[in-house]
Amino acid sequence: MQETLEDFFKALRGSDLEVSLNAQIDAARAASLVGWSQRDLLKSALGATLAKTLPDLAIFDDLFDRFFRFDSFGTGAPAGRPTPGVAQDQAQSRESGGQGDGGPGGCHGSAGQALSQLLLSGDSVALSRRMQQAARDVGLTDIWFFTQKGHYTQKIQQAMGLELLDREISDARRQALAPQRMADLEVARKRLFNEVRNFVERKLSMYGTAPTRELHDEFLQSQKLSNIDRRDFARMHEIVRKIARRLAERHARRRRREQRGLLDFRRTQRANAAYGGVLFETHWRSTRIERPKVVAICDVSGSVRQYARFLLLFLYSLDELLSDVQTLAFTNHLVDVSATFESLPVEQAVDRVLHAVGGSGTDYGQMLLDLDEQLMHRIDRRTTVLVLGDARNNRGHPRTEVMKTLHGRARRVIWLNPEPRSFWGLGDSEMKRYAPYCHIARECNSLRHLERTLDELLRSSNASA
């Protein structure tokens, strides 16, 4: 039973549900209290200890039904009966002396013969039990990728006694005295292969979901944002939210530590004079923490709109740490789109902005003139200006004097350019003229680049507050 429970924990982790050691201990205790005979009762007990949130409960319910479902070789367990995996273990303990082979771990000399007998007799319970044990012997819980299906299918068949079954088929073919038996054995062998392959595929869907998704997520985070397929947008949005939560937790901890400040020793001594100097009450020097004021200016023309999408998703997913974000978008004239993000969910707001403001004919000079007229008077030493764009100005006037003024007024000017540095200044790129008036100017074209930039923004804001 313990092995079955440990396999279930591993399947939960493989399906993206984190199971702590304490939760595993509680689940084992709950299972021992309610027993394994009633499926619904066992499911409720394990769910109460392993699923902490509603999304976790949905994953748990789905996985429990799939993990404790064993209909290979025609077996099945109706609702209210013992769970299939448990039923197999109980049957194994009851029948350990009744079968001549004793399962895959029994007498190897008769394992092939016993397998042929089981297949021809249609003993689905014994076949299912043997397949379960063979899967455990070959370590099927370590399956991660679809390319391993063939390997584990063959290994499980071998552990069940495939070698002696093949030998028996060869003997029947050579003798030519029992053509019907040979035909029955060949049909049974094909059935064995199909059942084992389907079993391995079901296990892969349980144990391999999280590792496969993690590998895909790693790939998406390192890809250029302009190369991301639309079909991956939903997953990219989830990755952005996950990274934003990680950044928020990291910097919230740092902020809580800094907000407490240092021990105020004099106030502490005075407050504890009545206690003979024993430090019952402590007083700390308070530290004023100011959230960064961010002005985000995004080029949403066709060449860089994909980058703008994910930068805006990042910024508005960090609402706990960036309470004052003003967002402006442009292709030529600068448009304040902050109200759109206040009235709509962030994903819908991004789509609305890209559709309404996006276009062609980028004019960075006009954008800077609009910035000087509309916003320059509000930029001060608390303001971080974040510009996302390729600085390709279609041969227009660059208006570098506005960038010089902006650099002098703002706390920091950060320019994120999706193009490689080797492209800066080539053709109609004005990046080399703008870069001297930026505190940070860097190539930024993937989620990893965006995460690093925002991490630095939050860290420096905390450090200087």
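Which residue of β2 is the bridge partner of Ala-296? The views below of this predicted model begin with that pairing.

**View 1. Strand β1 beside strand β2.** Thr-327 is the β2 residue that bridges to Ala-296. The two strands run parallel and are joined by seven bridges. Strand β2 covers residues 324–330. Strand β1 covers residues 293–299.

**View 2. Strand β1 beside strand β4.** Strand β4 spans residues 383–388 and lies parallel to β1. Six bridges link β4 to β1. Here the bridge partner of Ala-296 is Leu-386.

**View 3. The two faces of strand β1.** In a regular strand, side chains alternate between the two faces of the sheet. One side of β1 carries Lys-293, Val-295, Ile-297 and Asp-299. The other carries Val-294, Ala-296 and Cys-298. Both faces are covered, and all of these residues are buried. Buried here means under 20% relative accessible area.

**View 4. Helix α14 packed on helix α16.** Helix α14 (residues 305–317) and helix α16 (residues 346–357) pack at an angle of about 145°. Their axes are 10 Å apart. The crossing is right-handed.

**View 5. Residues in the α14–α16 contact.** Helix α14 contributes Arg-305, Arg-309, Leu-312, Leu-313 and Tyr-316. Helix α16 contributes Val-346, Glu-347, Val-350, Asp-351, Leu-354 and His-355. Six of the contact residues are nonpolar, four are charged and one is polar.

Methods. Residues are numbered from 1 along each chain as its sequence is written. This is a predicted model: local features need pLDDT of at least 70, side-chain atom pairs count only at pLDDT 80 or more; totals for chains, interfaces and linings use all residues. Side-chain values use heavy atoms; hydrogens and water are left out. Buried means under 20% relative accessible area, exposed over 50%, partly exposed in between (1.4 Å probe, protein chains only). Helices (H or I, at least four residues) and strands (E, at least two) are DSSP runs, numbered from the N terminus. Two strands pair if DSSP finds at least two bridges between them. Axes are lines fitted to C-alpha atoms, for helices over the stretch in contact, and angles run from 0 to 180 degrees between N-to-C directions. A crossing is left-handed if the near helix is turned anticlockwise from the far one by less than a right angle, and right-handed if clockwise. Contact means heavy atoms within 4.5 Å. Ala, Val, Leu, Ile, Met, Phe, Trp, Tyr, Cys and Pro count as nonpolar, Asp, Glu, Lys and Arg as charged, and the others, Gly among them, as polar.
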